[in-house]
Amino acid sequence: MKTTLTTIMLLCCLSAGLEAADYQHYSEWMAASEMKRVPHSYHLDFSPNKPRWAYQVGVELDGMLDVWLTYRDETLLGYLKEYPAKMIGSDGTITGYKYNDFNLDNVRPGHFLLRFYQELPAEKDSLALDLLMRQLENQPRTDEGVWWHKAIYARQVWLDGIFMGLPFYTAAAPLLRPGREQEYYDDAVDQITKTAERTYDEATDLWKHAWDETHRMFWADSETGLSQHTWARALGWFVMAMVEILDALPTDYERRQEVNDLFLHAMTSVVEYQDEASGVWYDVLDVDDPRNYLEATASAMFTYCLLKGVRMGWLEDSFLDAGIRAYRGMVEQFVKRNGDGTISLTRCCSVSGLGPDNNPHRDGSFEYYMSEPIRDNDAKGIGPFLWASLEMERMGYTVDNLDTHRPDGIRQATSPADSHSPYDLQGRRVAQRHKGVVITNGRKYLLRH
């Protein structure tokens, strides 16, 4: 009778779906939740009927790959394997991919594929990787040498596009173009620093969503070529690109510090725009308006960059307080526990863009950004949420101790002046900015790559 009762209880638990008690880590719980919601990886990002080669899917699978590398769940590995198996033919052709579109977005899944190939190499996947690299080598460029975002966005540079193309380009160079890595590294640093110069707005100490080389697009300022506002997710893409480029560049590469300095500047500004009450960020960073809303995808990106930046020594330890506070705020503001045992990431901006010519609605105004729909479980937020969660988990944080744990081996501020923290011990903003050199921490955590 005892065995029968135990069996019945086990069957009841299984039929109920995921159980919160099964997951001590938010990264594992969110990955399992996504697999339950979307049983096949090639249907991610709200595409239940048609497999998609899409940057959104690539970002989420990239995050899931890191969850697998950390916890080695075989079910998750099978989920990851499905994508290249379904999307890439034996000759390296990619379902849904069009080379002549010269669309940087379509390169982004290659970042996941490159990393997956390094774990489980397959000849067909190497052919697909080479195809994507050839696109970037022939991608149209501005007069200054920065890639156009897409063929249909001629002579336009978007912060989004830097993330879509440059990390893959930098990481793939040693594998696909051995012996020529230096020229690819130099090109990557040139492109990201020139983009930063062109999109920077001194008045706000932020970077605008995009820049038009011609200054003639309807969304662009006729004097500067800049779009009107700093959309948070665009800046999130930009700083995540810096993280991934720093991951890929050799430590002895002579221009590496240029990227590190840019990252330090950007994250210092990001912290200045962190919402005091919630710890997260608004959808449009440079507008104070009651219609603006706290947004999950950009908040996850900034949180991840803060946490990893400190761990890797690219940011001072003082940034850690802002990162932990942001993660706690993200869970409180955006993570919802569902009745079936899954969790969801809520309040994700579905999409925002600029143009093209036949879509004047996408004019880069604040009203435009507020008009785009908000949804749950957007792949563009799930991937960064997984990365941010893994950073917290490396420091010993779990689902149960998120509000109480203090990680060992990390210097904590005892007063606002102790580590130039932007917050005091009660979480109130201190009117000062981060200055000084980057400190290498020497802490031992699992590395992503």
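This is a predicted model: local features need pLDDT of at least 70, side-chain atom pairs count only at pLDDT 80 or more; totals for chains, interfaces and linings use all residues.
**H12**

H12 runs over 16 residues, and its first and last C-alpha atoms lie 22 Å apart, close to the 22 Å expected at 1.5 Å a residue. I then looked up how much of H12 is covered. Of its 16 residues, 12 are buried, so the helix is largely enclosed by the rest of the structure. I listed the buried ones as Phe319, Leu320, Ala322, Gly323, Ile324, Arg325, Ala326, Tyr327, Gly329, Met330, Val331 and Phe334. Arg325 is in that list, and I noted it as a charged residue. The cover over these residues includes helices H2, H10 (256–272), H11 (296–311) and H14, along with strands S5 and S6.

**H2**

H2 came next, as one of the elements that cover H12. H2 spans residues 26–37, and its 12 residues reach 16 Å from first C-alpha to last, close to the 16 Å expected at 1.5 Å a residue. I find H2 mostly covered, with nine of its 12 residues buried. Those are Tyr26, Ser27, Trp29, Met30, Ala31, Ala32, Ser33, Glu34 and Met35. What do the buried residues of H2 pack against? I get helices H3, H4 (74–87), H12 (319–334) and H14 (379–394), plus strands S5 (335–337) and S6 (343–345).

**Loop between H2 and H3**

I checked backbone angles in this loop. Most residues other than glycine have a negative phi. Asp45, which lies in the loop between H2 and H3, has a positive phi of about 65° although it is not a glycine. Phe46 sits in the loop between H2 and H3 as well, and its phi is positive too, about 60°, again without being a glycine. Phe46, with a relative accessible area of 46%, is partly exposed.

**H3 against H5**

I moved on to the pair formed by H3 (residues 55–71) and H5 (residues 109–119). Their axes are 7 Å apart and the packing angle is about 30°. That makes H3 roughly parallel to H5, since angles under 35 degrees count as such. The crossing of H3 past H5 is left-handed. On the H3 side I recorded Tyr55, Gly58, Leu61, Asp62, Leu65, Asp66, Trp68 and Leu69; on the H5 side, Pro109, His111, Phe112, Arg115, Phe116 and Glu119. By class, this contact holds eight nonpolar, two polar and four charged residues. I looked at the spacing on H3 as well. An α-helix has 3.6 residues a turn, so residues three or four places apart point the same way. Leu61, Leu65 and Leu69 are among the H3 residues that meet H5.

**Asn377**

I looked up Asn377, in the loop between strand S8 (374–375) and H14. Asn377 has 11% relative accessibility, so I count it as buried. Which residues does Asn377 touch, leaving out those up to four places away in sequence? The list is Glu34, Arg37, Phe46, Ile343, Ser344, Leu345, Cys348 and Ile382. Leu345 is 32 residues from Asn377 along the chain, and their C-alpha atoms are separated by 5.0 Å.

**Gly355 to Pro356**

I checked this peptide bond on its own. Most peptide bonds are trans. The bond from Gly355 to Pro356 is cis, with omega near 5°. Pro356 is in the loop between strand S7 (348–349) and helix H13 (366–371).

**H8 and Thr193**

Helix H8 (residues 181–199) has 19 residues and reaches 27 Å between its first and last C-alpha atoms, close to the 27 Å expected at 1.5 Å a residue. I list its buried residues as Tyr184, Tyr185, Asp187, Ala188, Val189, Gln191, Ile192, Thr193, Thr195, Ala196 and Thr199.

**Whole chain**

I closed with totals. The protein has 14 helices and eight strands. Of its 449 residues, 60% are buried. Among contacts between residues at least 6 apart in sequence, 72% join residues at least 24 apart.

How values were computed
Residues are numbered from 1 along each chain as its sequence is written. Side-chain values use heavy atoms; hydrogens and water are left out. Axes are lines fitted to C-alpha atoms, for helices over the stretch in contact, and angles run from 0 to 180 degrees between N-to-C directions. Helices (H or I, at least four residues) and strands (E, at least two) are DSSP runs, numbered from the N terminus. Angles under 35 degrees count as roughly parallel, over 145 as roughly antiparallel, 65 to 115 as roughly perpendicular and the rest as oblique. A crossing is left-handed if the near helix is turned anticlockwise from the far one by less than a right angle, and right-handed if clockwise. Contact means heavy atoms within 4.5 Å. The expected span of a helix is 1.5 Å times one less than its number of residues. Buried means under 20% relative accessible area, exposed over 50%, partly exposed in between (1.4 Å probe, protein chains only).
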